[in-house]
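Subject: Structure for you to look at

Hello,

Here is the structure I promised to pass on. My notes on it follow below.

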Amino acid sequence: MSLPTRKIGNADVPYPGLGTMGMSAFYDGAGKTESNLTVLKAAYDSGCRFWDTADMYGNHHMGENEQLLAKAFKEGGVKREDIFLGTYSSSTTKFGNFRAPDGTRSIIGTPAYVASAIDKSLADLQVPFVDLYYQHRVDKNTPIEETVGAMQKLKEAGKIRHIGLSECSAETLRRASKVAKVDAVQWEYSLWETSIETNGVLEACKELGITLVAYSPLGRGMLTGKLKSRADLSPTDFRYHSPRFSEENFPKNLELVDKITAFAEKKGCTPAQLALAWVHAQWEGIIAIPGTTRLEGLKENIGSVGVELTDEELKEVRVLLDSFVVQGDRYPAAAMASLNV
Ligand SMILES: NC(=O)c1ccc[n+]([C@@H]2O[C@H](COP(=O)([O-])OP(=O)(O)OC[C@H]3O[C@@H](n4cnc5c(N)ncnc54)[C@H](OP(=O)(O)O)[C@@H]3O)[C@@H](O)[C@H]2O)c1
């Protein structure tokens, strides 16, 4: 089976992609190795072959999620050469800080760190190169020119094929693009997170011919309509401590989800499919990477490519979004403060 493709650099990449973070970290249900391998193999068989990981994805240790993918390549019936593999270096030295209200993080983008981080990722993934290597978070203490210059060296050394940035500002992206060809930018983009439309990031991507990889396109599960209350999340789930899912904000944000659900019912698709079709309809340079740990979720998300939204429907959805103010930041305060905005 083959899925439609969009470009990253000169490569034709199938969409939607697959976010593998939740298989190893952050969300309830992470860590089920055997069923995760089943989902990865099913994704492979379905032609869903743009996989997104990061060195910091792991409830137990750095590299845990990358090692899961290595297992899929070695033992799970997945041919590495058929996968367009995106990974990113996080330099988050203390995993779990996202969960602590007063958590601190260290973000390092020095050339020396970049050089050592890729070697660890290649070892954990057990691959000779990665197709797309992102800086996960911009280091405010290291000029982006230095970080991207170091990434360009990795490209020249054959360790990576494409350069990406995640959660960068438009200005950072423009500066980086003067040093090396940036092929992809990863940013949160969904029916409840549209800030890239107004902060210059989407505009810069369009102008510079950079693919926008839309992360958390299902609003971390909220936009699927399956989460009915905060009680559906355990206190160890990242979302439990995330402002949009707080005691106060959850029920308010559910009002948007109800409207989206009603629209999806009218359209004859699921809310998750509407959410993904909407993201892909915003620009032909966008690839969404929904995350799922279930076969049903995978099938449903892949099915979104069959949902076509007319101009009239897109206008209706936009009116719906414009009439609603999403409550709460998308990250806890400490993480928000570390972002390059
Ligand atoms: N660059 C960054 O800073 C950054 C940040 C966050 C995420 N990411 C990347 O983006 C990927 C996706 O983001 P995300 O996982 O945070 O959020 P998401 O894709 O918006 O949502 C994932 C959540 O939705 C649920 N789900 C998925 N498909 C579903 C369906 N069809 N019906 C019902 N529920 C469904 C999943 O649960 P089930 O497992 O139960 O299906 C999971 O809890 C991650 O895996 C990661 O690779 C990058």
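The side chains of Lys-71 and Glu-75 form a salt bridge, 3.1 Å from N to O. A salt bridge here is a side-chain nitrogen of Lys or Arg within 4 Å of a carboxyl oxygen of Asp or Glu. Lys-71 and Glu-75 are about one helical turn apart, because they lie four residues apart in helix H3 (residues 64-75). Helices (H or I, at least four residues) and strands (E, at least two) are DSSP runs, numbered from the N terminus.

This is a predicted model, in which local features need pLDDT of at least 70 and side-chain atom pairs count only at pLDDT 80 or more, while totals for chains, interfaces and linings use all residues. Residues are numbered from 1 along each chain as its sequence is written, and side-chain values use heavy atoms, with hydrogens and water left out.

Lys-71 is partly exposed at 28% relative accessible area, and Glu-75 is exposed at 58%. Buried means under 20%, exposed over 50%, and partly exposed in between (1.4 Å probe, protein chains only).

A second salt bridge joins Asp-131 and Arg-80 (3.0 Å, N to O). Asp-131 is in strand S6 (residues 130-135) and Arg-80 in the loop between H3 and strand S5 (84-89), 51 residues apart. Both Asp-131 and Arg-80 are buried.

Asp-119 and Lys-159 also meet in a salt bridge (2.8 Å, N to O). Glu-167, Glu-188 and Arg-330 are linked in a network of such bridges. Across the whole structure, the search finds 21 salt bridges.

Regards
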